[in-house]
Amino acid sequence: MSVIEQGSVWNVRERSPDKESALERTLGLPPLVAATLIGRGLEVPEEAEKFLRASLDDLHDPRLLPDYDLAVKEILGAKDRNERIYVHGDYDVDGVTSAALLTRFLRVLGCDVVPHVPHRMREGYGIHLDAVAAAAASGAKLFLTCDCGVSAFEQVEAAHAAGMRVVVTDHHSVGDTVPAAEAVVNPHRPGSAYPWPELSGVGVAFKLCAGITEELGHKRDAYYRAYLDLAVLGTVADVMPLLDENRVITKHGLLQLARTKKTGLKALIEVAELTGRGRLTARNIGFQLGPRINAVGRIDDSGIALELMLTDDVKRATELAEHMNMRNEERRAEQGRMLAAAMAIAEREQLAGDPAIVVAGEGWHPGIIGIVAGKLVEAYGRPAFVISIGEDGSARGSARSIPGFHLGEALDAAREHLDAGGGHEMAAGFSLDAEGVGRFAGAIREHAAAVLKPEDFLPHFLLDAFVSGAEAGPEAIAALSALEPFGQGNPEPLFATMGARLLDVVPTSNPDHARVSIEAADGTVRQGMAFGIGRALAELDTRQRLDFAFSLEESVWNGKAQFRWIVRDYRPSSS
């Protein structure tokens with residue numbers, strides 16, 4: 001059911017009492033958990049039980065990966081011949097963890113490995129031909145990619161010309177053809193028999209090495225314990241859907257990350273002030289660990305993060321982690337400066353009403369414009385294109401989107417104004433001549449106006465179920481924890497209650513945020529916090545019946561657990 005109210009769109013999943021009863025009876029689940037599972041398409045008891053269990057035994061057979069046999073033959077052949085292997089990753093968390101996992105694993109097998117991750121500013125995205133030359137100069141005979149390479153046609157040819165064989169492991173979208181490498185391991189390849197194509201780059205590397213482990217007769221459980229910590233970092237940071245294999249990797253990887261023996265990861269967890277918590281969440285990766293790894297890739301050298309993940313020296317690990325922490329602070333400061341400048345342009349040029357926002361600035365850091373674009377989307381509810389203009393007259397841009405607006409298609413519509421560009425539905429990058437920025441902006445706005453509808457600009461809330469006040473109590477927190485880990489594809493449950501009354505609104509030091517007291521239609525009174533809508537709630541008539549959209553939260557303050565609703569939205573009630 002979709003309803004537009006209060007400047008927002010509510011999509012509420014319908015409840016099915018009969019199906020809920022079946023899950024409750026078969027699996028012994030509380031009603032709210034059963035309702036949430038059913039709303040998310042898990043109504044068959046066997047499927048729901050598998051989702052909740054998320055066992056390592058549920059991981060798919062790596063031998064089903066495209067070119068698995070060919071890749072294993074090349075890697076083990078290089079090992080047997082004592083040939084050097086050049087491992088090439090990428091500069092983001094997924095690419096760095098992929099390179100670290102392959103390097104550590106192959107070295108344990110006794111391989112001679114030279115790892116490399118690109119420098120964002122000097123080499124750019126993907127595989128630079130200079131890296132191919134460096135691999136050849138190092139004496140490598142096998143060029144092994146991770147989180148990149150599926151579109152590296154010229155680079156693979158250059159590697160062959162230099163006398164190297166090539167194995168590509170990647171997870172990005174595949175075109176009509178793939179490079180002529182000895183093996184291209186990518187679950188997105190047409191005709192792939194692999195059951196779950198949505199692995200991260202490190203997920204592909206993790207599964208390939210799991211297969212090699214079994215080929216060699218080594219213990220699979222020991223392999224999982226050794227590498228799940230790296231696999232979960234890249235999987236969560238690359239915003240993969242936390243379903244199927246990714247759910248298994250994340251659930252068990254978070255446990256392994258909390259007790260990791262890797263010196264560098266322990267140091268990183270320490271500087272992020274996460275040590276001693278005993279339990280890490282996907283949110284800790286997304287907001288504390290991932291940004292510190294990405295920061296050096298954005299404004300410094302991603303090789304620093306790779307060294308951190310490979311070192312066994314405690315002193316060096318501490319130095320690297322502190323350096324990454326400092327770079328993250330610098331990134332945050334620069335991000336704030338750039339965002340303020342971008343928003344000033346948007347306000348001055350009255351762009352807030354445009355179907356897509358395009359802003360450009362001289363000297364903006366190319367490694368940060370993507371984050372700024374994301375912040376503009378949050379602020380204005382529109383696709384955002386942020387462009388950095390260089391001193392040489394060139395311009396580099398990054399874009400972020402809203403549901404219903406495909407950035408790859410948008411760039412195609414403005415292709416005549418670009419030197420290069422491409423991306424996915426929600427994120428993209430591009431380059432152009434600075435003199436063409438105005439024409440590019442016009443083409444993007446024209447395309448957006450033709451594609452987007454007025455309701456596309458409104459906040460959308462996907463609600464798991466309508467619930468009573470009694471159902472949404474403290475005991476529900478523990479029950480719903482069975483659905484963790486939460487993240488992309490498996491968001492934290494969001495509920496709605498109908499016909500409630502707002503008993504009290506107490507503004508905080510920031511009046512946009514307020515403490516609230518809500519009486520549900522069944523007479524249950526719940527305490528909560530409303531972020532961003534405090535002023536609006538304070539103006540409402542307390543006699544008015546309202547529907548509230550909210551999540552549940554339990555925090556610990558001074559050793560005491562505090563339960564509350566987190567109010568996300570409201571609307572006049574029709575009940």
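Okay, let's start with a word we need: a residue is buried if its relative accessible area is under 20%, exposed if that is over 50%, and partly exposed in between, using a 1.4 Å probe and protein chains only. Thr235 is buried by that rule, with a relative accessible area of 0%.

Before going on, what are we looking at? This is a predicted model, where local features need pLDDT of at least 70 and side-chain atom pairs count only at pLDDT 80 or more, while totals for chains, interfaces and linings use all residues. Residues are numbered from 1 along each chain as its sequence is written, and side-chain values use heavy atoms, leaving out hydrogens and water.

Back to Thr235, then. Its place is in helix α9; helices here are DSSP runs of H or I with at least four residues, strands are runs of E with at least two, and both are numbered from the N terminus. Which residues does Thr235 contact? Leaving aside neighbours within four places in sequence, they are Ser200, Val202, Met240, Leu242, Asn246, Ile249 and Thr250, where contact means heavy atoms within 4.5 Å.

Some of those names come back in helix α10, residues 244-258. This helix has 15 residues and reaches 22 Å from its first C-alpha to its last, close to the 21 Å expected at 1.5 Å a residue; the expected span is 1.5 Å times one less than the number of residues. Among the buried residues of α10 are Asn246, Arg247, Ile249 and Thr250. And what covers the buried residues? The cover includes α3, α8, α9, α11 and α12.

Arg247 also lies over the face of Phe51, at 3.7 Å from the ring centre. For that label, NZ of Lys or CZ of Arg has to be within 6 Å of the ring centre and within 35 degrees of the ring normal. Arg283 does this too, over the face of Phe287, at 4.3 Å from the ring centre.

Now for rings meeting rings. How many aromatic pairs does a search of the whole structure find? It finds 11. Rings of Phe, Tyr and Trp (its six-membered ring) pair if their centres lie within 6.5 Å; planes under 30 degrees apart count as stacked, over 60 as edge-to-face and the rest as tilted. Tyr86 and Phe143 are a stacked pair, 5.5 Å centre to centre with 20 degrees between the planes. Tyr86 is in strand β3 and Phe143 in strand β5, so this pair ties together parts 57 residues apart in sequence. Both Tyr86 and Phe143 are buried.

Phe385 and Phe440 have ring centres 6.0 Å apart and planes at 75 degrees, so that pair is edge-to-face. Phe385 lies in strand β9 and Phe440 in helix α17, so the pair ties together parts 55 residues apart in sequence. Phe385 and Phe440 are both buried as well.

Strand β9 takes us to a sheet. Its 5 strands form an open sheet with mixed pairing, in the order β8-β9-β10-β12-β11; two strands pair if DSSP finds at least two bridges between them. Which strands stand at the edges? They are β8 and β11, each with a single partner strand, so one side of each is left without a neighbour in the sheet. Between β8 and β9, which run parallel, there are 6 bridges. Glu362, for instance, stands opposite Ile389 in β9.
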